[in-house]
Amino acid sequence: MLVHEISQVREHIKEWKKQGLKVGLVPTMGALHNGHKSLIEKSVQTCDKTVVSIFVNPIQFCAGEDLDKYPRTLQEDVKLCENAGVDIVFAPSPKEMYGEGHILSNDFLTYVVPPYFYTDKLCGKSRVGHFDGVCTVVNKLFNIVQPDFAFFGEKDRQQLIIIQKMVRDLNIPVEIVPCPIVREESGLALSSRNKYLSEDDKIHALALSKILFNIKNCYKKGVTDVQALSETAYSFLNEHHSLEYLEFRDENNLEEKQTADESTVVFIALKLNGVRLIDNISLR
Ligand code: AMP
């Protein structure tokens, strides 16, 4: 069932809670693909009721980013959700979430701001304020849906770690369920932004997963020096790629690693024809 208003969601939640049903939430920005579907299926398996939110959250986009052209495919998304057994698709307007004038008066919104240590690195370095926008909207969604479980993809691992931290720090009564990255057979991690890529771009985009798989292979063969592991990336990069970062960080607190170990996650971001792509891999 497609619902646009917060008050409608609340009515259903109230009824479900009265019946003692477990509620799962899958927050998304829509343009749903099999990566999203895996989160949705996990929720449907784990919970009595599943809510999928579809909201292209304006306050998590920085100036000059793709807010206006971000793919919006609500009809297809609703079909995917219905077929997967979702109970409510919550697709609010920006006005429903932030009220009139939200875009012009962001300053007047109460924000949830995660610690700088977690947001000054990786994606947060180039996307200043992005994680404030993410935490604010996720917090609002938690308050609206009051889920017992919420499902997040490891595809956006910095986001996942920051949300886990927020939930701990603010004692939010929800269990965060991390879900593995879904990839194409080629290795390319599924992403709504892959829609921006031409067939040629998609071939060049394989560099991300190839670099990560190769690093993991080298690590499993005994190479632990981060400098040496980083240098293996260059043979996969060419003039089409503009590397933003390749970093080795701790899976729990994002601290930088000099020596790779089982708790290391390798994060990569690059631009390809103006499209920013991210990926990561755990060395475990
Ligand atoms: P988005 O719509 O991009 O905001 O993503 C919504 C949720 O789906 C986030 O928790 C993402 O991490 C997750 N997600 C996106 N792509 C994938 C993927 N390829 N595999 C697993 N989860 C994903």
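The structure is a predicted model, in which local features require pLDDT of at least 70 and side-chain atom pairs count only at pLDDT 80 or more, whereas totals for chains, interfaces and linings use all residues. Residues are numbered from 1 along each chain as its sequence is written, and side-chain values use heavy atoms, with hydrogens and water left out.

The protein is divided into domain 1 (2–179) and domain 2 (192–282); such bounds come from an automatic or database domain assignment. The centres of the two domains, taken over C-alpha atoms, are separated by 26 Å. Domain 1 gives 22 residues to the contact and domain 2 gives 19 residues, where contact means heavy atoms within 4.5 Å. Between them the domains bury about 1,900 Å², 56% of it on carbon and sulfur atoms. Buried area is the accessible area (1.4 Å probe) that two parts lose on being put together, summed over both. Of the area that domain 1 buries against domain 2, 32% is supplied by Leu122, Arg157 and Ile161, more than by any other three residues.

One salt bridge is counted between domain 1 and domain 2, a salt bridge being a side-chain nitrogen of Lys or Arg within 4 Å of a carboxyl oxygen of Asp or Glu. Asp66 forms a salt bridge with Arg193, and their closest N and O atoms are 2.9 Å apart.

The ligand has 16 residues around it, of which His36, Gly153, Asp156, Val182 and Leu190 come nearest; a residue is near a molecule if one of its heavy atoms lies within 4 Å of it. A polar side-chain atom of Asp156 lies 2.6 Å from an oxygen atom of the ligand. For the side chain of His36, an N or O atom is 2.9 Å from a ligand oxygen atom. Met29 instead places a backbone N or O atom 2.9 Å from an oxygen atom of the ligand.

Across the whole structure, 17 salt bridges are found. Lys17 forms a salt bridge with Asp148, with the closest N and O atoms 3.7 Å apart.

Technical notes
Polar contact = N/O pair within 3.5 Å; in protein donor to acceptor, adjacent residues only side chain to side chain.
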